[in-house]
Number of protein chains: 2
Amino acid sequence: MLSELLLTEMTRLAKKDNMPLHRQLYEALRRAMLDGNLGAGERLPSSRELTTDLKLSRNTVVSALNQLGVEGYLVSRVGSGTYVNDNLPKPQARKRSSHVAAHTADLSRRGTALSSTFCSSQLEMQPFTPGIADFSAFPVALWQRLQNKHWRMTYPEMLDYSHSGGYAPLRRAVADYLRVFRSVPLDVDQVIITSGTQQSLELCSQLLADHGDTVWMEDPAYWGAANVFIATGLQRHPVAVDQEGMAPGPQDETVPPRLIYTTPSHQYPTGAVMSLVRRQQILSIARTHKAWILEDDYDSEFRFSGPPLSSLAGLDKEERVLYLGSFSKVLYPGLKLGYLVVPKRLAAAFKQAHYDLNRPGQMPMQAALAEFIELGYFASALRKARASYAQRRQSLLEALQPCLGDQAQITGAEQGLHLCMRLPSHVDDRALTQRIADHGLTVRPLSAYCLRRTDARGLVIGYGYAALADIERYGPVLAQVIGNELKRLGKAHSAA
Amino acid sequence: MLSELLLTEMTRLAKKDNMPLHRQLYEALRRAMLDGNLGAGERLPSSRELTTDLKLSRNTVVSALNQLGVEGYLVSRVGSGTYVNDNLPKPQARKRSSHVAAHTADLSRRGTALSSTFCSSQLEMQPFTPGIADFSAFPVALWQRLQNKHWRMTYPEMLDYSHSGGYAPLRRAVADYLRVFRSVPLDVDQVIITSGTQQSLELCSQLLADHGDTVWMEDPAYWGAANVFIATGLQRHPVAVDQEGMAPGPQDETVPPRLIYTTPSHQYPTGAVMSLVRRQQILSIARTHKAWILEDDYDSEFRFSGPPLSSLAGLDKEERVLYLGSFSKVLYPGLKLGYLVVPKRLAAAFKQAHYDLNRPGQMPMQAALAEFIELGYFASALRKARASYAQRRQSLLEALQPCLGDQAQITGAEQGLHLCMRLPSHVDDRALTQRIADHGLTVRPLSAYCLRRTDARGLVIGYGYAALADIERYGPVLAQVIGNELKRLGKAHSAA
């Protein structure tokens, strides 16, 4: 009975959209729960039973069930199976404008701004979602062994908050890594372990800028950073981006910055690499205005062609650059460990405020990570990941080839986990993204990353999370939807 | 040679201050490193050798070495022993005014404010430091077993960020606990797992208040909360505290609040319990001004006499209370997991902004914690802790008895992990704290918690971290220093 219902729904979904099987099963189960065909508290058939009844692979079934577990639809009870949650989550609104509008009176102005950001509702992990790495390959067993070792050796102090900028051996490992691979000249004293880039950015905004101060941001830019600047009360001044990266002009200098947030190695999301001339210019502007540069080096670990680029921090003679990095792309996002390198004269104040504001912890995990790096596992994970991403990137580039041409060009594919497809300014990239979503695939419209400019159109396409097989399978679908749209627009254009 | 040097220094320290042995060794080793008698990179004698040479217990040696490891003075190399760190940390300035002054030009105004807070430099864990629980009793092996189980079962989604307010079973466990033990009527949908109270407070400030809005705070109050309000740009309006807790008067209502931050179960740090009349008053004020109440229930798990108090959130008919709790006192601080319960109509906006701003993670740890609660380990850890803290509290009260009287009274000892000794307003409680520190003991001056009032003098004394034996040993020392000071002041007073 249930299996029939699920099969009917899955067939419907398969016809309507070209959706992966695990996604079809996920949707069918979710719908059964929301429609009451699977009641709250009801016991689900086992994954083995579902595998047999639905004639699906076990992986497909497990993947769908896991996703429903994480989202709170299903709960496991020890020794007795999987049940529909008594408190079913409400179905997430596709567009959030409805619920935000209802609560604007309750929220503050910044609260309203923070809860109406674009993009954040589209949280599903799917082959082409940008900004996600493939952490399915993470060596869980090894990681568990290292963690166990440090838990066994642990002494009370390790269970406390971390008082001095993080676990000392981890800070040393980060310093060693950055000195060698990113040419960042630094002392271990300047390294602060944070819970990731969001926390690093927040700390910089709070300690170095006041409410109403100006932060220069690249336009388009990483929307996660924009959120932090909204939350900390900064005025975001958009600076154009061209093929040499952030491109400040004289008109920008009439709005002098207190902070300059930039992604010089691989501009997010266009992928532009900042030229040396531009780097010198940004440093000189910072010097003139006594501004601080926040260099977000979010994916420099994954460079596919040419020598690694040295960092802006490495060029900085006056110690005006703060350097931000994270472990979430090489290890896994939920790890919540990243680092911030600050100029020497700021180190004491940053460590203290970091402690006072955030009470950092997780020392056994920091110890495991330190050893993961020291024993070479980090370097080897990186090597493997780089090789694997290079393949996926190649496969994606090949799949997209048919729709490239005058109208569509790829930028920024030399590094990282995403590429940017630039489209003509008359393309509605949000509508195109929706059309692609109808096929069960997630990409992001370039215009959604823009602060002020209205001419930038395109798609930001990730290949970090996609398995090679998925890229080979869905890449052509993606190319076809894009190609059709360009053809349709081309005709409309010439008819007009 | 080294052992002689250490013994000489330890003898000097023992004469000068009544310092615990592990602290003497810590200081002697630290001094040897800073003076260059133990050079950077040099190998240390093993803890066994030090135990023999210095005729100390192994616990004493290990405790001193561990502390130096955590602070980054020493590093362990796999299989080869303990070495002096190549990058020795600079000795921490006792008073931070020096380094802050030097960098004021670099920091923003709020950065300067955040890095000049009192108290935060005194981070050492010592018997009487308030605000710390005894996590040495935490069942590390059991915890490791639960973590391992969830790491073994883990699937990729568990390594990702947490999208919907936290791991669903943990949110359910928290909801069940709060419904039963704190009479908080709630739906699991209202629970958001955060990295602790600091993050919960920050989220509330950002989403519910704008820069320049007023937050009412108890005076005296928890300085960690004050820091968050500074960082988020709120105006702190101090409201007096009496024996019935927060006591707003007509003059306060001329500065209408947007947020009201309060600790009704056990006012921090005076320990006052908010009366029912006062609770109704606070709720009514919130209603009138459409303000939000942030109820920080930081230690309600540890109540020693009388029935548990119900929460303010439990009395709230209009859904204006946000309820904050943390696991750091029952488990361990570095765990970095806490919870925030928000009114239903705010749940969607809070979950989304929490994700956008903080990218929460640590799902395998959240899963282990959910099971820790579900299987009853949390309740049993709580029972054990409560019994153990009750003993310590009793021992501390007995030790302090000799110095109590007209001049010194204890308040707030019915709950939690600290008590407050009120002293006459002519006592310089900061100087007294320093005198106590000269004996190697840390307490905090009540005046350091005050925002505006100048009459509150006293000592905030913790018994959460102290072992019973330490309380029995150092409690009388503490009482004697306080008693001497009161006598001295009494004489000076009557002579004047």
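# Asking how we know: a tour of a predicted model

Reader: Leaving aside neighbours within four places in sequence, which residues is B:Leu397 in contact with?
Author: B:Leu397 touches B:Ile410, B:Ala413 and B:Leu419, where contact means heavy atoms within 4.5 Å. Before we go on, this is a predicted model, in which local features need pLDDT of at least 70 and side-chain atom pairs count only at pLDDT 80 or more, while totals for chains, interfaces and linings use all residues. Residues are numbered from 1 along each chain as its sequence is written, chains are lettered from A and ligands numbered from 1 in the order in which they are written, and side-chain values use heavy atoms, with hydrogens and water left out.

Reader: Why does B:Lys55 get its accessibility class?
Author: With 73% relative accessibility, B:Lys55 is over the cut-off and so is exposed. B:Lys55 lies in the loop between α3 (47-54) and α4 (58-70) of chain B, and has a positive phi of about 55° although it is not a glycine.

Reader: What kind of aromatic pair do B:Phe138 and B:Trp143 form?
Author: Here is the rule: rings of Phe, Tyr and Trp (its six-membered ring) pair if their centres lie within 6.5 Å; planes under 30 degrees apart count as stacked, over 60 as edge-to-face and the rest as tilted. By this rule the count over all chains is 36 aromatic pairs. One of them joins B:Phe138 and B:Trp143, whose centres are 5.8 Å apart with 70° between the planes, which makes the pair edge-to-face. B:Phe138 is buried at 8% relative accessibility, and B:Trp143 is buried at 0%.

Reader: Why does the pair of B:Phe138 and B:Tyr332 get its name?
Author: Their ring centres are 5.0 Å apart and their planes meet at 55°, so this pair is tilted. B:Phe138 is in the loop between α6 (109-114) and α7 (140-152) of chain B and B:Tyr332 in the loop between β9 (321-326) and β10 (338-341) of chain B, so the pair ties together parts 194 residues apart in sequence. Both B:Phe138 and B:Tyr332 are buried.

Reader: How do you know that B:Arg320 lies over the face of B:Trp292?
Author: A charge sits over a ring if NZ of Lys or CZ of Arg is within 6 Å of the ring centre and within 35 degrees of the ring normal. B:Arg320 is at 4.4 Å from the ring centre of B:Trp292 and lies over its face. In chain A, the charged end of A:Arg320 sits over the ring of A:Trp292, 4.4 Å from its centre.

Reader: Which residues have the most contacts inside the largest nonpolar core?
Author: They are A:Trp143, A:Leu331, B:Trp143 and B:Leu331, in a core of 182 residues. A nonpolar core is a set of buried Ala, Val, Leu, Ile, Met, Phe, Trp, Tyr and Cys residues joined through side-chain atoms within 4.5 Å. In soluble globular proteins, nonpolar side chains tend to be buried together.

Reader: What makes up chain A, in helices and strands?
Author: Chain A has 19 helices and 14 strands. Its radius of gyration is 24 Å, close to the 23 Å that the globule rule gives for 496 residues, so chain A is as compact as a globular protein of that length. That radius is taken over C-alpha atoms, and the globule rule is 2.2 Å times the number of residues to the power 0.38. Of the 496 residues of chain A, 63% count as buried.

Notes. Buried means under 20% relative accessible area, exposed over 50%, partly exposed in between (1.4 Å probe, protein chains only). Helices (H or I, at least four residues) and strands (E, at least two) are DSSP runs, numbered from the N terminus.
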